[in-house]
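Work through the following exercises with the sequence and the coordinates side by side. Each task is followed by a solution that goes step by step.

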Amino acid sequence: MVVQAYMDWQAVLQQEFFGPDAVGHPVVLYVSDDVAKGLQKQHGLDRSLTDAVRSMLMLGTPRPYAKIQHLLDQLASDSETPPVLPLLACSVIAATRMASDGVFRRTNYHSRFSELLTGDASLLKRDHYSPVARMWQRLASWQHGWGTIKGLCTIPSPEELPPNQTRIGFAISQAVVCEADRQLLPQLFVFLRRRSASWPPSGQAIANAAEFWDHSSRFSSGFRHALADQEFRPFAEKVLARLASAWDGSLDGGSSRTPRGELLVRFQARQFGWIARLHQDGEPSYELQDGVSLERIPHTRYYRVLGLQNPTGESLLRDTRLAGACLSLYRPASPVLVLRQDDELDCMTSTDSIEPEEEHIILAAPHARQDVERLVTLAQASREADAGRLAWVPEGWSVHRKVVFDDALKLKQAISRTGGTVQGLQPSPQHHVRLTGGLLLDPELSRRLYLRGAEPSVLLPDGASGEVVLDGALLEPPFPVRGVPVPLWPSQLPSGKHILEAEGAAESFSTAEEAPTSQEPDFSCGFPVSGQETAAVYAACQEQSNGPVLRGAGTDSLGISAVPGIVLAQRGADTTLFLACDGRVWNVEEPDTPHWWERLKPKPSAYYFEVALQVSGGWLLQQRNGKWAARPASPPPPRLSPGRDHTTWISCVLDAASASRDPRWDEYVAVAREARGE
């Protein structure tokens with residue numbers, strides 16, 4: 001019964017703050033005494049929030065929150081909100097009681113919290129609070145893991161908290177802006193947007209404007225007290241900056257709960273375009289204002305944007321807001337455009353933040369050029385040399401290509417020192433130890449089973465100490481704590497399960513020599529290898545004992561017929577054709593080099609591109625400077641299909657009659673001449 005009352009409140013708070021309405025909207029876990037009473041009445045709960053939490057405490061012991069921690073260990077999952085919401089809500093109530101009387105002293109927070117939960121201001125002491133702070137980080141990590149489906153996280157990272165508030169700062173950050181303040185803020189944002197060349201402004205600028213705004217008296221007393229207190233004002237500024245960043249440009253600030261999507265800039269094949277991203281699965285298509293429509297890209301949450309002029313230097317400096325009956329899209333004006341690779345779309349898309357270790361393209365409008373140059377210089381980022389004027393760069397804009405920020409701490413410091421038009425590009429906060437990279441043996445079987453010798457890297461949370469325990473042993477020296485992933489493969493771990501512990505949290509993973517279900521195919525296919533070259537211009541063949549092959553596909557019982565025909569064509573030809581033996585001909589378009597090509601190390605040659613054969617074999621014809629060249633692709637003897645018009649095929653063969661000395665090509669030329677009547 002005791003646990004049930006606690007879990008009833010967990011369900012209510014989960015629905016209230018992280019339910020379907022939270023998608024794409026900032027979540028501020030603001031709970032005051034009045035809010036808690038209102039939720040209890042609305043949902044018909046028998047016990048108050050504080051009573052439900054109090055019943056779970058183990059008072060008089062060194063670990064008063066052990067029961068809640070046990071629930072967290074037993075029930076937490078990626079799909080469900082960590083069962084810590086009632087306790088964290090009480091920690092916010094304690095902070096709102098401080099805010100209501102304007103007495104923001106660190107010394108009285110713990111007494112308020114203890115009095116709230118026990119009736120005694122001295123029973124729960126400061127030393128007991130560390131598990132609560134870790135639960136805040138656990139909640140933030142879970143929310144970030146969902147992207148925007150569970151709302152936009154406003155919980156600060158440990159690195160953002162003042163040194164003397166590293167524990168209580170999480171709760172205070174959620175206690176300074178109530179729902180009434182959030183309803184009023186869009187009016188202030190509209191006023192500021194008209195006066196700002198870029199969006200969002202800094203939290204400090206918003207806080208300054210809020211203090212002197214004509215309607216400032218309509219803000220709650222807690223919010224006004226937070227702005228007036230020098231020590232706690234930074235918390236208000238952080239939350240204001242996050243709310244402004246997520247603002248959709250409307251006066252209701254998204255309070256109507258109309259589903260929202262992101263309007264992103266797409267960069268592909270040296271061209272800009274638009275792409276829309278929804279926060280959850282939506283309809284196959286949408287109709288928006290001004291003749292704009294969206295069509296979903298299969299198996300993704302991305303949509304093609306039809307009927308909207310492609311981005312230009314001018315349009316990037318204007319707000320773009322599109323509304324429909326069931327969906328709204330918004331992109332604020334910005335003089336800085338940051339592009340990063342989107343593996344799901346295999347192209348680059350715009351992003352609101354810079355991420356360490358990732359490659360970026362950064363474009364800057366004329367008035368933002370100095371800010372971007374200063375940022376790149378201060379953060380000591382690597383970048384490609386200036387290539388001069390590029391045709392795809394908007395007129396007057398500057399561009400930095402292949403920009404990589406290796407040091408997360410230097411990046412954050414450089415953004416803070418530069419300010420101006422780059423102040424909104426802070427990287428996403430890291431709240432929890434995380435495994436990145438590595439080679440998964442079978443992702444469908446397990447997302448934590450890695451090939452031995454290809455283990456993942458470890459990324460520590462912001463503000464971490466650097467101490468990491470792997471399988472019970474403290475790793476020496478301590479890990480870097482600047483947001484740089486640290487590889488585990490040098491540790492030469494044996495096969496089996498491993499546990500990594502850092503900052504009071506644990507992550508487990510396993511390594512093996514092979515996946516449990518792996519098996520060798522009965523036979524394999526590949527391309528014949530001769531010396532150092534692979535004869536990829538020929539069709540793949542079944543592996544033979546008389547020579548090596550480059551293997552790449554298992555065909556099971558289908559045999560060689562299952563292998564797609566692939567030939568390699570040289571780039572840079574004026575015309576590329578593929579001729580079949582039966583009188584058909586295809587025009588081959590040369591594709592752009594994939595964006596991921598540049599990221600391969602060592603970088604392979606991009607001199608060739610693949611052509612998938614529509615039939616079993618034929619000839620690849622390429623014309624350069626008026627001269628034809630013919631390359632065989634396992635061509636069968638020519639045999640024109642009766643009843644078809646072969647005029648195009650005949651002309652192509654005869655135009656390229658001298659393209660090859662191969663006797664098989666002579667057969668094709670002879671058939672073409674015979675068909676023409678020569």
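**Exercise 1.** Determine in which strand threonine 349 is placed, and decide whether threonine 349 is buried or exposed.

*Solution.* In this predicted model, threonine 349 belongs to strand E11, which covers residues 347-350. The next step is the relative accessible area, which is 5% for threonine 349; since buried means under 20%, threonine 349 is therefore classed as buried. Finally, once the neighbours within four places in sequence are set aside, the contacts of threonine 349 are Leu264, Val265, Ile275, Val338, Leu339, Arg340 and Asp342.

**Exercise 2.** Carry out the corresponding analysis for threonine 320, asking which residues are in contact with threonine 320 when neighbours within four places in sequence are left aside.

*Solution.* Threonine 320 is located in strand E8, made up of residues 320-323. Its relative accessibility is 13%, so threonine 320 counts as buried. With the neighbours within four places in sequence excluded, threonine 320 touches Leu263, Trp274, Ser315, Leu329, Tyr330 and Arg331.

**Exercise 3.** Locate glutamate 507, and find how far apart glutamate 507 and leucine 435 are in sequence and in space.

*Solution.* Glutamate 507 sits in strand E21, residues 505-512, and with a relative accessibility of 12% glutamate 507 counts as buried. Glutamate 507 and leucine 435 are separated by 72 residues in sequence, while their C-alpha atoms are 7.9 Å apart in space. Leucine 435 is also one of the residues in contact with glutamate 507 beyond four places in sequence, and His432, Val433, Arg448, His498, Ile499 and Leu500 complete that list.

**Exercise 4.** Describe how helix H9 and helix H12 pack, starting from the angle and the distance of their axes.

*Solution.* Helix H9 (residues 179-195) and helix H12 (residues 233-246) pack at an angle of about 70°, and their axes are 11 Å apart. Angles of 65 to 115 degrees count as roughly perpendicular, and H9 and H12 are therefore roughly perpendicular to each other. The crossing of H9 past H12 is right-handed. At the level of residues, Arg182, Leu185 and Phe189 from H9 meet Leu240, Leu243 and Ala244 from H12; sorted by class, this contact holds five nonpolar residues, one charged residue and no polar ones.

**Exercise 5.** State how many aromatic pairs there are, and characterise the pair of phenylalanine 267 with tryptophan 392 and that of tryptophan 619 with tyrosine 668.

*Solution.* The count comes to 16 aromatic pairs, with ring centres within 6.5 Å as the criterion. Phenylalanine 267 and tryptophan 392 lie 4.7 Å apart from centre to centre with 45° between the planes, and this pair is tilted. Phenylalanine 267 is in strand E3 (residues 260-268) and tryptophan 392 in the loop between helix H13 (369-378) and strand E13 (398-404), so the pair ties together parts that are 125 residues apart in sequence. Both phenylalanine 267 and tryptophan 392 are buried.

For tryptophan 619 and tyrosine 668, the centres are 6.0 Å apart and the planes make 75°, an edge-to-face pair. Because tryptophan 619 lies in strand E30 (residues 618-624) and tyrosine 668 in helix H16 (residues 663-676), the pair ties together parts 49 residues apart in sequence. Tryptophan 619 and tyrosine 668 are both buried.

Technical notes: Residues are numbered from 1 along each chain as its sequence is written. This is a predicted model: local features need pLDDT of at least 70, side-chain atom pairs count only at pLDDT 80 or more; totals for chains, interfaces and linings use all residues. Side-chain values use heavy atoms; hydrogens and water are left out. Axes are lines fitted to C-alpha atoms, for helices over the stretch in contact, and angles run from 0 to 180 degrees between N-to-C directions. Helices (H or I, at least four residues) and strands (E, at least two) are DSSP runs, numbered from the N terminus. Angles under 35 degrees count as roughly parallel, over 145 as roughly antiparallel, 65 to 115 as roughly perpendicular and the rest as oblique. A crossing is left-handed if the near helix is turned anticlockwise from the far one by less than a right angle, and right-handed if clockwise. Contact means heavy atoms within 4.5 Å. Ala, Val, Leu, Ile, Met, Phe, Trp, Tyr, Cys and Pro count as nonpolar, Asp, Glu, Lys and Arg as charged, and the others, Gly among them, as polar. Rings of Phe, Tyr and Trp (its six-membered ring) pair if their centres lie within 6.5 Å; planes under 30 degrees apart count as stacked, over 60 as edge-to-face and the rest as tilted. Buried means under 20% relative accessible area, exposed over 50%, partly exposed in between (1.4 Å probe, protein chains only).
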